[in-house]
Amino acid sequence: MEISKTYIPKEIEDKWYAYWEKNKFFKSTPNKDKEPYTIVIPPPNVTGVLHMGHMLNNTIQDVLIRKARMEGKEACWVPGTDHASIATEAKVVAMLKEQGINKADLTRDEFLKYCWEWTEKYGGIILKQLRKLGASCDWDRTRFTMEESLYDAVIDVFVDLHQKGDIYRGYRMVNWDPQAKTTVSDEEVITKEMPSKLVHIKYIGDDAEVTIATTRPETIMADAAICVHPEDERYKNLIGKKVRIPLINREISIIADEYVEMEFGTGCLKVTPAHDQNDFALGEKHKLEVIDILTDEGKLNEKAEILVGEDRFVARKMIIKMLEESGNLVKVEEYKSNVGTSERTGAVIEPKISLQWFLKMERLSKPAHENVMNDTIQLIPPKFKNTYNHWMENVRDWCISRQLWWGHRIPAYYLADGTYIVAKSVEAAVEIAKTKNGKNVTAADFTQDEDVLDTWFSSWLWPISVFDGFKDPNNADINYYYPTNDLVTAPEILFFWVARMIIAGFEYKGTYPFKNVYLTGIVRDKQGRKMSKSLGNSPDPLDLIDKFGADGVRTGMLFSSPAGNDLPYDEKLVEQGRNFSNKMWNAFRLVKGWKIVSSSDSSSVNSSNPTVSSSISEHDNAKLTSVAAENLVSSSISEHDRKLTSIAIENTSAILWFRAKLNAAIAEALDHYDKFRMSDALLVTYNLIWNDFCSQYLEMIKPAYLDGQSLPIDQGTYDATLEFFEELMRLVHPWTPFISEEIWQNIQERAENDSICIKEFPKGGEVDTKILADFEILFELVSWVRNTRQSKQMSPKEALPLSINTQDANKYAHLEDLIKKMANLSEITFVTTSVKGMSLVIKGDEFGIDLGENLDITAEKENLKKELEYTQGFKKSVEGKLANERFVANAAPDLVQRERDKLADADAKIKAIEEALGRLG
């Protein structure tokens, strides 16, 4: 099969994804003979499109699920979307506005019809985009939080928790979003530092006068009191007296409470119970009047008496001017204040007293708190346990009602007298009213609560509801897949999604919903800003995929993305990812382009290919087509390498070395996977392929050129190389699914409907540490020879003689051919005296290359003196460590031995350098 010169992702990505889907490789069903491995996707908003955070999060999930699938587990990745009440309703309202339709002019059913049309039109976009990324979800299991089964689960849980006494209705201070016109949870409030003005206002009474400082002068009409500290000598004589609110002249009392900080501001606090959380608590304590002067839209209402109908921020500017004109303005200072904003709309949050539904959290949260703190559930990285602990120790009741139409409608049904019944349906409410309350009513007598539930009240059930664990608590799926294994999500939703899922898991299944929570970092730009469309600093992920290929983007996103740490995005990372794909492709083309000489009969090969025959000397042909049995050291080579029929003598060691390197890298990568060090697992794989395989191994075995053309490679080496390629593709497949599939399919003929994604993930094997150590010497030596040649501006084609002074010449026997080939040496000689020319000491052995006229004696002496000085300093530091009795007594024996080996190497190196300096005079 002809392989294209360049790797073009566009030509293969759609092809292989369609192939995977057609053959149902991602489909999962309960299998008693397999260990389940389950991930539930953090459901993206149904109205959303793929952003950089999704790319990072879902790539990690896909790596985990693909690896588990290849390990023979029953891998199930459940996809789905969230109905996103606030975001979706806002988009639909905006769409209707463009059409000249006002939501207020529609009935609830008419508006919901538009919501469903929007969802059906845009709801599948992000899931299609995830396919472009290569996400191997079981698409047959796609769920939506508003579909019937999941909707019913939410209602059932509400009814159950209400019956248990955990859900109640009451007036509380809530976070109000004036743009969305609904409450939002504490966790959906983003605090931002904003420029503000600290306005000093004079309140005057008949026998008292005080000055307060506030950043919200537009709320003075809602003031219920002025509060001072009871021990504040400045105001003790004013406690109990009255002052008038400027502009409206309503009298309020001066009260005392230790809550007030004497040193802050003027020491006088205006108490506005309706518009501040702390003031509300103070108002309850002192039984103060609650005056709400703002509408749901954030405008002043009739209770404000002045500026009625004005927006709160417009009123703020107007009141400052009015206070100045009335003589009540003392001064205005520039000020930086922390302001709460809505995560969904960006609007400034307004504290508001409101009648809402709440879920008591104290009882429910205890198992979720304990099982994270005792590591039954692992947070990765564990630093987030402190954050989690703080939240859970200070957990507050959850406001679960939202003033929207799109969402799960609260199942509370009201009678005309204001009493209500919580039931799954109005019919159930009628039955309860008749049997329990003795009321003769019909469905027509009930009005259902207008509010819907907080979106998180559906997604907190996600790991159970996606398997219909509420609809059918003992079905095969929930019994097999729950609890799931790993959750990959962002730290900012640790409390209001992750913690709540854990709470629901213990409440309804008696155990945790997942064992590990991998918390990704935030993708940021070069300036450290979070990527967002509003800032215009975020690339379009699909454009990146189009430009660099899905595999390039996947690896680029994870080259430097340790768990919990933010990812400083740079396009150079995805360029590096694309280059990695190109490197693998070019290496594969190189290998597949080699001519092969048969091991069975050199004459038949030569006769069938006269061009090859005429290019190879009789000596070289014999060397390529035979192998001494003793070269295949039985103790070092694996069974899968032993079956090779013929390996050229000079390639035997290279094959043994790469097998050891591959086994070591697999073991290291598996350890990183186990510890969720995902970037580290990728880098081990990347370095193995790029450096060890492409840059080192292929160079070692690459056939030489003769008369302008490449000599053939022996069958044994070729087969071994293709087997390495196959194993490497399986190792890298979770990271680069598309190119690994393309290369794997082209290595050899495959069975119909076969795929790398269902092949075994490499397990590695025994690591020959001796050959690894030998080759470290080889690489250091070759690098030194090349650098020396370059520093002397010698041609790389100029062969040089090498001499080695060693007590064990045999250990270099299997490396001689490779050293000659890679360093371009004319000869290697072993000496018992000092080597000639420039020298290098490695592990106590001295190596020398005779540069003849190219040797600059003066420069060489300077270099040797510098090296001697450095080595003596290094030796001194090692001696200091070994002189530390605590280190020698407490450190692991192998660590101490390594330091002793370093000392011995340093001694040998110092001796060799001193001898070399002596020879130079």
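pLDDT is the predictor's confidence in each residue, on a scale from 0 to 100. What you have open is a predicted model, where local features need pLDDT of at least 70, side-chain atom pairs count only at pLDDT 80 or more, and totals for chains, interfaces and linings use all residues. Residues are numbered from 1 along each chain as its sequence is written, and side-chain values use heavy atoms, with hydrogens and water left out.

**Stop 1: colour by confidence.** The chain averages a pLDDT of 89, and 93% of the residues score at least 70. Now select residues 600-646, where pLDDT stays under 50. The model has 62 contacts beyond four places in sequence for this stretch; a contact means heavy atoms within 4.5 Å. Where pLDDT is low, the predicted coordinates should not be read in detail.

**Stop 2: A84.** Select A84 in the loop between β3 (80-81) and α3 (85-98). Helices here are DSSP runs of H or I with at least four residues, strands are runs of E with at least two, and both are numbered from the N terminus. A84 is not a glycine, yet its phi is positive, at about 50 degrees.

**Stop 3: an aromatic pair.** The structure holds 43 aromatic pairs, counted when rings of Phe, Tyr and Trp (its six-membered ring) have centres within 6.5 Å. Show W118 and Y122: their ring centres are 4.4 Å apart and their planes stand at 45 degrees, so the pair is tilted (under 30 degrees would be stacked, over 60 edge-to-face). They sit 4 residues apart in helix α4 (residues 108-122), so about one helical turn separates them.

**Stop 4: cis peptide bonds.** Go to I380 and P381, joined by a cis peptide bond with omega about 0 degrees. P381 lies in the loop between β15 (378-380) and α10 (384-393). Then try Y482 to P483, also a cis bond with omega near 0 degrees; P483 is in the loop between α14 (476-481) and β22 (486-489).

**Stop 5: two crossing helices.** Finish with α17 (residues 550-558) and α18 (residues 571-592), whose axes come within 7 Å and cross at roughly 125 degrees. Axes are lines fitted to C-alpha atoms, for helices over the stretch in contact, and angles run from 0 to 180 degrees between N-to-C directions. The two helices are therefore oblique to each other (under 35 degrees is roughly parallel, over 145 roughly antiparallel, 65 to 115 roughly perpendicular, and the rest oblique). To see the contact, select D551, G552, V553, T555 and G556 in α17 with L573, V574, G577, R578, F580 and S581 in α18.
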